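Then step back to the chain around it.

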Amino acid sequence: AEAGKSLYERLGGRPAIVAVVDDFVANVAADKRINGFFAKTDAKSFKAKLVDQLCAGTGGPCVYTGKDMKTAHQGRGIHEEHFAALVEDLDRTLAKFKVPAREQKELLAILAPMKPDIVEK
Ligand code: HEM
């Protein structure tokens, strides 16, 4: 029954995505390796953008109206190790919420192609 469902549905819909984003952003805020990037970030609007982006990207009924990934991240000095730290923070959240391996993989496969637009060469 789960097979034909979108990733959005299998994750648990918008409430699950909101809970994941909340926990993930808390992890990032506590992560000394990368929290300096977010010193001036308005957490509420940032989380709302992440929720819309994840909801839309996983097949949910949302529209992401934030910046494209290149515009949002260029000039910030984000490097490979920062990207890896953020993915680690996300992995901790996905493990905490017991997101199954298949859905974890699918989510990371959606995020991975964004990396070249985020990380500076
Ligand atoms: C696949 C990985 C990532 C995704 C999906 C992502 C997503 C986003 C989104 C949706 C925004 C909001 C854009 C807007 O304001 O319209 C944003 C902003 C931002 N991202 Fe990322 N991001 C990723 C990786 C990273 C990494 C690795 C860092 C640094 C460690 C980072 C640092 C930032 C910062 C500093 C902002 C601006 C926040 C603010 O408004 O103050 N991002 N990102």
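Start with helix H5, residues 80-96. Its 17 residues, at 1.5 Å a residue, should span 24 Å, and its end C-alpha atoms are 24 Å apart, so the two agree. (The expected span is 1.5 Å times one less than the number of residues; helices are DSSP runs of H or I with at least four residues, strands are runs of E with at least two, and both are numbered from the N terminus.)

This is a predicted model: local features need pLDDT of at least 70, side-chain atom pairs count only at pLDDT 80 or more, and totals for chains, interfaces and linings use all residues. Residues are numbered from 1 along each chain as its sequence is written.

Which residues of H5 are buried? They are Leu-86, Asp-89 and Leu-90. Seen down the axis of H5, they fall within an arc of 95°, so they line one face of the helix. (The arc is that of the directions from the helix axis to the C-beta atoms. Buried means 20 or more other C-beta atoms within 10 Å of a residue's own, exposed means 12 or fewer, and partly exposed lies in between; C-beta atoms are placed from the backbone.) Helix H2 (13-29) is among what covers these buried residues. On the other side of H5, Glu-80, Glu-81 and Ala-95 are exposed. Just after H5, Lys-98 takes a positive phi of about 55°.

Now the whole chain. It has seven helices and zero strands. Of its 121 residues, 14% count as buried. Its C-alpha trace spans about 45 × 30 × 25 Å along the principal axes. The model scores ipTM 0.98 and pTM 0.96.

Technical notes
Two residues are in contact if their C-beta atoms, placed from the backbone, lie within 7 Å.
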